[in-house]
Amino acid sequence: MTNETIPGDDASNVNQYQRRRLVLWRGVALAALVVAGAALFLPARHHPPANAIARFEIKGVISDRVRPQVEAIERAERDPHIRGLLLVIDSPGGGVTGGVALHDAVASFAAHKPVAVSMQGTAASAGYMIAVSAQRIFAYPSTITGSIGVIMIRPDASGLLDRIGLTTDTIVSGAMKDQSQPFVPLKPEGRVMLQGIVDDLFDQFVTMVSKGRHRSVEDIRALADGRPYTGRQAVPLHLIDQLGDEDQALVWLHGQIHDGKDLPLRTIAAKKPAHSFFGRLQRELGGDWFGIGQAVEALTAYQKLDGAVAILPR
């Protein structure tokens, strides 16, 4: 018999093959879509968190608006998987209220879990106030610390106004109400009033250091004339415990925690977005612009300080 080729058979086979491929790829695409949907909308399987030591940084000028930092420390205290805290401080100080709030948050943490402080270049004034709430303080020999004291700057522009012929009238409810204003002369009784505020805040500062460093109030007052100390000077004065870096502070923490030898560090941070123009610009561009952004932020932080502060003089 003679084999006959039916016209169009090859074309029909090709079309069937292409249809089968199309159905196959549609099936693959549909399966991929289902898997992607499941990954997006089904509850994810979370691995149980591992135990760790929290690392938290306090850097720069301390403002009085420290609620995000306080909340970060409080979350770490409540977290059962956080076994200790490595607090890294590099700050010249700042607002007394912010320093007290952070001191109290760290003290609360230290009442339940071990805390070690690693001082960097500077941990003075309000920065030192925060540090004394830890059980162990480490510093470099060159660290600038101490500077226990309170400052209140009260500008007096009344003489300048007199020179340009500008006068001001103040209507007050009491004799002391205008004594914090820069456009009226400071009266002797106003100075006594403001000095009383500074003295009371200073007493609070000294009490914190006395309690945290387990020294008498008299011993601390003898050191608290506002002067800073190097880390090497601070050790024999019992203002810090020993010279060392972050690694040595971590070794100490490992030794304070049961089965804590191999605990890793987990960095925690305050939930605080960068609101300033330079902060947003730096975040978007992913660079530090040779430190310009940080310098502007630091200058802005200094300018925002008001009232009584615990900070190294600029």
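Let's start with Arg227, which pairs with Asp225 in a salt bridge, their closest N and O atoms sitting 2.6 Å apart. That term stands for a side-chain nitrogen of Lys or Arg within 4 Å of a carboxyl oxygen of Asp or Glu. Arg227 itself is partly exposed, at 46% relative accessibility. Here, buried means under 20% relative accessible area, exposed means over 50%, and partly exposed is in between (1.4 Å probe, protein chains only).

A word on what you're looking at: this is a predicted model, where local features need pLDDT of at least 70, side-chain atom pairs count only at pLDDT 80 or more, and totals for chains, interfaces and linings use all residues. Residues are numbered from 1 along each chain as its sequence is written, and side-chain values use heavy atoms, with hydrogens and water left out.

The structure holds 11 salt bridges, so defined. One of them joins Arg55 to Glu57, with 2.8 Å between the closest N and O atoms. Arg55 is buried, at 15% relative accessibility, while Glu57 comes out partly exposed at 33%. These two also belong to a network of salt bridges that links Arg55, Glu57, Lys59 and Glu246.

Now hop over to helix H2, which covers residues 67-78. Helices are DSSP runs (H or I, at least four residues), numbered from the N terminus. Inside H2, Arg67 and Glu71 lie four residues apart, about one turn of the helix. Their side chains meet in a salt bridge, 3.4 Å from N to O. Both ends are partly exposed: Arg67 has a relative accessible area of 45%, and Glu71 has 34%.

Definitions and conventions
Helices (H or I, at least four residues) and strands (E, at least two) are DSSP runs, numbered from the N terminus.
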